[in-house]
Amino acid sequence: MSLTLSRKAMEVKPSSTLAITAKAKELRSQGIDVVGFGAGEPDFNTPDNINQAAIKAINDGFTKYTPASGIPELKEAICKKFKEFNGLDYKPNQIVISNGGKHSLTNIFSVILNPGDEVIIPAPYWLSYPEMVKLSDGVPVFVRGEKEQGYKINAKQLEAAITDKTKAVIINSPNNPTGMLYTEEELREIAEVVVKNDIYVVSDEMYENLVYGSQKHISIASLGEEIYKRTITVSGVAKSYAMTGWRIGYTGSSAEIATLMGSVQSHLTSNPNSIAQKATVEALVGPQDTVKAMTKAFDERRQYMYKRVCDLPLVSALEPQGAFYVFIDVSKALEKEYQGKKIETASELARILIDDFNVAVIPCADFGFADHIRLSYAISIEQIEKGISRIENFLKML
């Protein structure tokens, strides 16, 4: 008898973002002053009204199983939010609440994919997408959005990538790692291709509240009945409400897809956390001033970081419009030498920065762009200032 473990599991790449974040935390625990630009996690505390709702849920004994796809009260709150914020009409039977956005995405791929089905993933992409697709026996197909295109793909590229095996395309706007947004016009053109070819859109809108300046978030499903029917909209409370650890994500989709996702979830995890669900009701229907205050602070940090990055030698970036990341082209730096040795890869550059300069950045080979790094500005301006200065010192040594 062979005791070979799952080939599928062995082929999964561990998350490089979590690995670098863990290394930064380990160094800090040793008393080393590390600036961590790694994690996509707000540095704010969860707003107190949300915390109090959770405490009340505990005191009220709301600590038992709930319906597998979420409590009716939260589904109603999500429908209201979808209507008012996204311009989308979903009914409670179209909503599935899960244990975070990752779980929501995993549910989606598990119910729409059959072995060999292709999912088009625009690059740069969030590094978990390909692994999730492969775990559901799908095939990731990458389409590159060049810097000159704002790191976004266009309708012609999408059309060219579609085959008879294509099941879906992922649209992530605002985007991780680039911070870029798709415009309404771009989304309409993509929607035409999707409807014409009768495929699904998985619309990851986790950063929808974090949009800056004159930019506006648009949900692709709001652009017409036909694209609405083919879209599965994904969001959650982690980024907008500083609730990363609460693990609540949700989807809006056709009732048929929602029923299948609820069924799968009932076997794999039962229900999302009962207390976190009550807290999320308060997050969505309660006062939104803390969300606005956090977004304002992120915007100030965004402007500061982008200005500092523009002044650095050997690197360049486009101004991010949403989320809390700056996506930095380090290709010129990779041609240089450090301590007599050519750097060559962004991963090596990131290793040097954390080992020799106590700065943690995310190399983006796993995001589809091997000559870029990602910096998060979900940290204080003081930390941003210190970290960018260290990166500047490094670059001036090359």
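Biologist: Hi! Why does Phe357 count as buried?

Modeller: Because Phe357 has 13% relative accessibility, and buried means under 20% relative accessible area, with exposed over 50% and partly exposed in between (1.4 Å probe, protein chains only). Keep in mind that this is a predicted model, where local features need pLDDT of at least 70, side-chain atom pairs count only at pLDDT 80 or more, and totals for chains, interfaces and linings use all residues. Residues are numbered from 1 along each chain as its sequence is written, and side-chain values use heavy atoms, with hydrogens and water left out.

Biologist: Thanks. How many aromatic pairs are there?

Modeller: The count comes to 16 aromatic pairs. Rings of Phe, Tyr and Trp (its six-membered ring) pair if their centres lie within 6.5 Å; planes under 30 degrees apart count as stacked, over 60 as edge-to-face and the rest as tilted. One of them joins Tyr338 and Phe357, a tilted pair at 6.2 Å centre to centre with 55 degrees between the planes.

Biologist: Where do Tyr338 and Phe357 sit in the chain?

Modeller: Tyr338 is in strand β11 (residues 337–338) and Phe357 is in helix α13 (residues 346–357), 19 residues apart. Helices (H or I, at least four residues) and strands (E, at least two) are DSSP runs, numbered from the N terminus. Tyr338 is buried, like Phe357.

Biologist: What about Phe357 and Phe394, how are their rings arranged?

Modeller: Their centres are 5.4 Å apart and their planes are at 65 degrees, so the pair is edge-to-face. This pair links helix α13 with helix α14 (residues 381–396), 37 residues apart. Phe394 has 0% relative accessibility, so Phe394 counts as buried too.

Biologist: Which residues do ring pairs link into a cluster?

Modeller: Phe44, Tyr207, Phe298, Phe324 and Tyr325.

Biologist: Nice. Now charges: which ring does the charged end of Arg144 sit over?

Modeller: The ring of Phe369, at 3.7 Å from its centre. The rule asks for NZ of Lys or CZ of Arg within 6 Å of the ring centre and within 35 degrees of the ring normal. Lys152 also lies over a ring face, that of Tyr182, at 5.8 Å from the ring centre.

Biologist: Switching to strands, what order does the seven-strand sheet have?

Modeller: The open sheet runs β2-β8-β7-β6-β5-β3-β4, with mixed pairing; two strands pair if DSSP finds at least two bridges between them. Its edge strands are β2 (95–98) and β4 (139–144), each pairing on one side only.

Biologist: And in which sense do β3 and β5 pair, parallel or antiparallel?

Modeller: Strand β3 (residues 118–123) and strand β5 (residues 166–172) pair in the parallel sense over three bridges. Glu118 stands opposite Thr166 in β5.
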